[in-house]
Amino acid sequence: MSDNASSTPKDYDVVIVGAGPAGLTAGMYAGRMGLSTALVAGSIGGQMLWAHCVENFIGWQPISGADLLEKFREHVSRFAVDCFEGQLVNAVVPAEDGFDIFTREGTSLHARSVIIASGKAPNRLSIPGEQELVGRGVSYCATCDAAFFIGKDVVVIGPGEAAADAALQLAELGAGRITLVNSREITAPEAVLDKIEANERINIIVGRPVSIEGTERVEALVVSTAVGELTVPAAGVFIEVGSISAADFALGLVEVNDKGEIVVDKSGATSTSGIYAAGDVTDEFGKQIITAAGLGARAAMAAARDLKRR
């Protein structure tokens, strides 16, 4: 994987926007199939870098997100894949025989096919302690990290069904006391709320998160309530307040759903011929490193098939 951020732009068979697990896997597959390939991304790794410990990527267990990323990079580097790191795409424009890709930094590329793998970014609370303790008790994915909190007290922050589901999942997987925190009542289907109410280990606090406390790891959440500030001891804080798509540049170019996710078919193709999407940026179920990697591979294979047909 070569760094061509300062080289003269050229034409590619495939340009991949994003370099998390979906983008890197797509790059490896495209390069391996002999396609001239470029990766364009603000940074390499995506949300994988936030993972303190990954236990569910088959073949590597356990492994930190940073170490797993190095395995990905090493694998991609075996093939002729150009990397434009530190480049944020702000436009993909249909052009003759493909698409022109432009970045905020002034780079322009041409591709016969595009794979969008720019991921999603979780909404942040922007409270003291959050950024400092990411991967050390602060998590944005209960599915990813619940297994690390068996027998430990945790807090889930969020207003809706995602937060309620996270609390139930943590309870099912053996967390200790689970406290649901939000500034208003939890909004979720009645059946889900009934399960929350019936579970003696789940408690609800109506209040506003003020800060996450801890030195080396999360120790507590401070919550402002109608009766004053409360300190809730916890080993983990799960933040479930939604996420934002990292594909604003594609709005108006491909179909998206009401969550801003790119709609894809079973091959990863979007509503625009020649543009594919993979990973968390899509409407596919299961936002995990391993599923993102698989979707990246699928999109690259589909793009290669399409290019051969042309």
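## After the first helix

Helix H1 is followed by Gly 34, whose phi is positive, near 85 degrees; helices here (H or I, at least four residues) and strands (E, at least two) are DSSP runs, numbered from the N terminus. The model is a predicted one, in which local features need pLDDT of at least 70 and side-chain atom pairs count only at pLDDT 80 or more, whereas totals for chains, interfaces and linings use all residues. Residues are numbered from 1 along each chain as its sequence is written, and side-chain values use heavy atoms, with hydrogens and water left out.

## Helix H1 and its packing

H1 covers residues 21–32, and its twelve residues reach 16 Å from the first C-alpha to the last, close to the 16 Å expected at 1.5 Å a residue, where the expected span is 1.5 Å times one less than the number of residues.

Ten of the twelve residues of H1 are buried, that is, under 20% relative accessible area, with exposed meaning over 50% and partly exposed in between (1.4 Å probe, protein chains only). Among the buried residues are Pro 21, Leu 24, Met 28 and Gly 31. The buried residues of H1 pack against strands E2 (11–17), E3 (37–41), E4 (81–85) and E7 (108–116), and against helices H2 (65–76) and H6 (289–309), a contact being heavy atoms within 4.5 Å.

## Cysteines

One disulfide is counted, a disulfide being a pair of cysteine sulfur atoms within 2.5 Å. Cys 141 and Cys 144 form this bond, with their sulfur atoms 2.2 Å apart, and the torsion about the S-S bond is about 75 degrees, so the disulfide is right-handed. Cys 144 is partly exposed, with a relative accessible area of 31%, while Cys 83 is buried, with a relative accessible area of 4%.
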